[in-house]
Amino acid sequence: MEAMLAIAIGLLSSCGVYLMLRARTFPVILGLTLLSYAVNLFLFASGRLVVNAPPIISAEANHYTDPIPQALVLTAIVIGFGMTAYIVTLALRGLSESGGDHVDMPEIPDDDTSKAAIGNQPPAARQKEQQS
Amino acid sequence: MIEHLSPALLLPLALMVAFGGVAMPLMAEPYGRKATTIATGAVMALALALLIPLFSSVIGGQTVVMHLDWLPAFGFNLGFRLDGLGMLFSILILGIGILVVLYAHYYLPVYDKLGRFFAFLLLFMSAMLGIVLSENLLLMVVFWEITSLSSFLLIAYKSEAYESRIAARMALAVTGGGGLALLAGIILLGQVAGSYELSAVIAAADLIKADPLYPVILTLVLLGAFTKSAQFPFHFWLPNAMAAPTPVSAYLHSATMVKAGVFLLARLYPVLSGTDAWVISVSVIGAITLVYGAYMAMYRDDFKGLLAYSTISHLGLITLLFGLSTPMSVIAGVFHIINHAIFKASLFMAAGIIDHECGTRDMRRVNGLFKLMPITATLAMVAAASMAGVPLLNGFLSKEMFFTEAVLFTGFDGAHLILPIFATIAGILAVAYSVRFIHDVFFNGEPIDLPRQPHEPPRWMRVPVEILVLLCLVVGMFPAWAVGSLLASAAGAVLQAPLPAYDLKIWHGFNLAFVMSLIALAGGVGIYAMRRHLIEWHHKLPSLNSRTGFERLHRYLVEQAERILRVLDNGSLQRYVALLCSFVLVYAGWAYSTGGSLPQNESRMPLDIASMIALAALMLGTLGTTLLHHRRLLAVVLIGIVGLVVSLTFVRFSAPDLALTQLSVEVVTIVLMLLALYYLPQRSPKESSRSRIGRDIVLAVGIGCGMAFITYALLTSSFSTISGYYLEQSVPGGGGSNVVNVILVDFRGFDTLGEIAVLAMAALGAHALLDQLRLTPPAKDAVGRLWAEEAHPLFLKMLMRPLLPLALAVAVYIFLRGHNLPGGGFVAGLVTGVALILQSLAGGFSFAEQRLPKYYPPFLGLGLAFAAGIGLVSWFFARPFLTSAHGHFDIPLLGEIELASVIIFDLGVYLVVVATVLLILTELGRLHYRKENA
């Protein structure tokens with residue numbers, strides 16, 4: 001079970017990182033979501049895997065799982081939602097400002113010839129372009 | 001009460017007056033220039049008046065120390081001290097400060113309202129006062145840095161001039177860099193001594209000198225002192241700083257700021273001096289600076305530049321005297337600090353008057369002013385004679401003491417003659433440049449082509465010069481009466497030992513020192529007489545211009561920095577993320593290869609069929625999301641599966657609270673993504689190059705493997721936890737049996753308060769981004785079909801309405817039971833949010849808009865106020881912030897209920913979560929609605 005969960009977390013982070021490296025806003029949002037799953041599961045797993053022992057005090061229960069990672073992950077899930085929501089609105093704002101959903105404004109395509117041309121411009125010149 | 005207060009409290013009080021006074025000139029500005037000047041002078045006078053009551057005990061040999069803990073763990077405390085040295089400098093700083101204020105009032109043009117200038121000047125003055133009154137060395141370094149910063153502002157006061165800006169930047173770079181070295185040196189010093197309090201450091205002097213770190217400490221501290229006091233080879237900023245208004249030069253570059261360096265030498269003299277390293281480094285640098293400065297001063301055509309180089313030379317002299325490390329040389333050094341401040345400040349002021357009246361500072365054009373402004377000329381000539389070391393003036397006395405010490409010094413083995421010869425050469429050069437200043441400016445024919453017709457300045461502008469020149473004469477003729485006790489107590493503070501017997505008088509008999517003085521006077525006049533040949537010869541020398549060198553270095557560094565930035569910061573988010581991931585991989589790999597391994601635990605949990613199917617679904621969903629991310633709607637469906645399996649994982653492994661939260665967050669997130677997808681393109685273009693995809697796969701696989709590896713190592717290592725306390729205390733201490741919820745709202749309530757604050761900020765940020773946003777929704781979907789006519793199917797609408805009260809009832813139930821069973825504010829908030837959002841989806845946003853609040857930010861505030869407010873209530877019961885209380889209540893119909901005060905806190909959490917969800921989703925929905933109604 002441990003190995004299986006470890007592989008699942010690894011796959012979630014792998015796919016999350018890959019999607020975060022995409023050039024469009026929506027895959028980046030998906031990637032961040034996957035990465036938050038991975039991180040939440042990882043934090044949760046630091047309390048180890050315990051079955052049928054929720055941390056709810058009762059007379060019948062004889063042992064409990066570790067409540068601290070759960071408390072940490074609970075707020076992490078909610079804050080993760082806040083972050084996702086913020087980035088979604090950021091993406092929409094970007095769409096309205098630039099007319100596209102590329103993560104860079106202005107777009108920086110990834111083929112190397114045009115990158116060199118943009119890279120040689122001083123930042124100030126780029127900014128001017130952006131304003132005009 | 002008053003009689004219980006220690007007089008030492010006057011020290012921080014004086015500093016508070018000084019720093020607080022920085023605002024005074026700005027407040028006085030609307031009442032005119034005169035009011036501004038008076039306000040500034042009053043601040044200085046008040047600070048001085050607060051210190052004066054302490055002077056008598058200091059002269060009596062006491063050291064006034066006051067100590068207030070600030071950050072005792074770091075040794076950083078508010079320690080203040082007034083000893084003889086501090087007293088001498090306080091008098092110089094405040095006394096000359098008042099004269100400079102009066103002078104500046106007339107010097108600066110009438111259109112200058114003076115508020116800003118005097119505020120800068122007071123800031124500098126306060127910091128300077130702070131340096132000399134600090135007992136805690138770290139505190140001293142802080143004040144030291146403030147002098148660097150405020151002198152930057154003062155040098156760049158005429159900020160429209162390119163010269164001023166360059167000069168200010170150079171001064172900041174050199175003195176600021178020295179300040180960093182000093183900070184490092186002081187930290188090491190404090191580490192070795194075990195304290196940053198000067199008294200303790202002085203007591204540990206022998207320990208410090210024996211420490212292997214001593215050479216490092218000495219080098220770093222001397223770097224600080226030499227950069228500030230413009231010692232060779234860091235001297236070049238000072239002549240350039242002459243771009244500052246002349247009152248600044250008179251104050252900073254004669255009496256105070258450049259003296260901070262020699263003050264530091266004097267301050268740490270009892271700690272660091274006496275070793276060979278000290279004697280050689282300090283005296284050699286001082287001697288080089290002494291001669292080099294005097295030599296360069298001779299060739300300046302700009303008389304302010306001449307004074308600047310002369311200042312460098314005199315600072316070199318003081319440094320040299322401290323370097324020689326004999327009691328008499330220290331007395332001479334302290335004496336010269338006083339004398340130089342007096343004559344050089346008056347000379348700068350006189351130079352400023354001449355500049356002001358003539359409109360130029362070029363000595364090739366400014367000639368024969370004696371006839372035009374005889375009084376100023378006489379004053380300047382007396383001061384210049386003092387600078388040259390003419391008998392009956394104060395400059396003569398300390399120079400004579402220097403010559404005596406040079407002759408007596410035996411420290412350099414087998415080279416007794418070097419020092420006296422050096423001293424004589426420096427003396428000759430000093431006379432030569434002084435003669436040049438006097439002769440060129442006041443005699444030497446007629447003025448040539450001056451921009452203005454010079455005449456005597458306003459009466460009061462001359463007063464500060466008159467006072468200072470009078471002091472030159474008084475100290476020169478009656479030294480023991482005028483400064484005897486001040487000098488004795490200052491030198492005593494430097495030496496930290498009884499002073500040797502010495503005699504402050506004008507005539508010491510016809511000795512070798514007097515002969516050296518005579519040679520210097522005659523030689524100086526002689527050199528001036530043959531100046532034409534010398535100037536020709538000087539111009540043939542290769543020019544040693546450290547200023548252009550500094551500029552070239554500066555430009556080179558900026559270019560290199562820009563080049564690196566262009567590579568790292570090209571504006572591409574993809575590159576940043578890739579760099580970040582690569583860094584994580586390299587850093588974690590390095591940490592792994594150098595770290596130990598976790599202790600392993602033998603027992604493993606067997607894999608059951610249900611878990612295997614669930615985890616397989618999770619992996620399929622993840623891979624599907626990634627591989628099919630170009631088809632965005634499909635990707636959202638698939639990521640929903642992943643979220644569901646994550647919730648199931650929480651259920652399986654005993655985390656019901658997490659499962660509930662994850663499930664409701666999942667619903668909200670999917671709705672959010674769908675709303676966003678309405679405006680965003682339905683598909684991602686396939687645009688990544690093969691090499692880019694390859695690079696990303698390598699990074700992604702690397703990080704994934706790392707995460708899997710760490711997780712596995714963690715899960716299989718043996719386990720110990722700190723949660724025992726929480727499990728035991730949850731019911732008796734927190735009044736709830738759901739430990740997760742008790743931790744959230746009670747044990748770690750402060751964390752939760754911070755977290756809902758973050759959530760509220762994210763919501764406000766989204767609110768700001770969505771405000772005034774205009775987006776055009778596409779008319780057709782990705783494959784070109786029109787959107788369905790019937791946006792809100794009747795069936796859904798009708799089904800959802802009765803569901804609302806049910807859902808809200810569930811939310812209330814989850815909220816109330818949260819303390820004891822899975823639930824609580826977070827989950828209940830999410831459930832409420834989902835219930836209300838479903839109404840919007842089913843009935844349309846316009847339908848929901850009419851029934852729900854329109855503006856959510858106040859609810860965020862209300863929630864935070866609840867949570868923080870209940871925390872504050874515990875203060876009224878004299879308990880720490882967020883202390884909880886709980887008890888049993890018998891309520892009719894419901895029976896006995898256990899209520900804890902944290903339920904209010906949880907209500908705050910609930911409100912913030914509901915408001916966040918509704919704010920973001922309804923505002924996103926409203927984009928469309930706004931469009932429809934436009």
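Modeller: Chain A holds five helices and zero strands, where helices (H or I, at least four residues) and strands (E, at least two) are DSSP runs numbered from the N terminus. This is a predicted model, in which local features need pLDDT of at least 70 and side-chain atom pairs count only at pLDDT 80 or more, while totals for chains, interfaces and linings use all residues. Residues are numbered from 1 along each chain as its sequence is written, chains are lettered from A and ligands numbered from 1 in the order in which they are written, and side-chain values use heavy atoms, with hydrogens and water left out.

From the N terminus on, chain A reads α-α-α-α-α. Of its 132 residues, 60% are buried; buried means under 20% relative accessible area, exposed over 50%, and partly exposed in between (1.4 Å probe, protein chains only). Taking contacts in chain A between residues at least 6 apart in sequence, 48% join residues at least 24 apart, a contact being heavy atoms within 4.5 Å.

Now the salt bridges. A salt bridge here is a side-chain nitrogen of Lys or Arg within 4 Å of a carboxyl oxygen of Asp or Glu. By this rule there are 21 salt bridges over all chains.

One of them is formed by R24(A) and E687(B), with the closest N and O atoms 2.8 Å apart. R24(A) sits in the loop between α1 (2-20) and α2 (25-45) of chain A, and E687(B) in the loop between α29 (656-679) and α30 (690-715) of chain B, so the pair joins two chains. R24(A) is buried, at a relative accessible area of 11%, whereas E687(B) is partly exposed at 34%.

Other pairs lie in chain B. R459(B) and E466(B) meet through their side chains at 3.3 Å, N to O. R459(B) is partly exposed, with a relative accessible area of 46%, and E466(B) also counts as partly exposed, at 22%. Elsewhere, salt bridges that share partners link D301(B), D362(B), R364(B), R436(B) and D440(B) into one network. D362(B) forms a salt bridge with R364(B), the closest N and O atoms being 3.1 Å apart. In this pair D362(B) counts as buried, at 17% relative accessibility, and R364(B) as exposed, at 54%.
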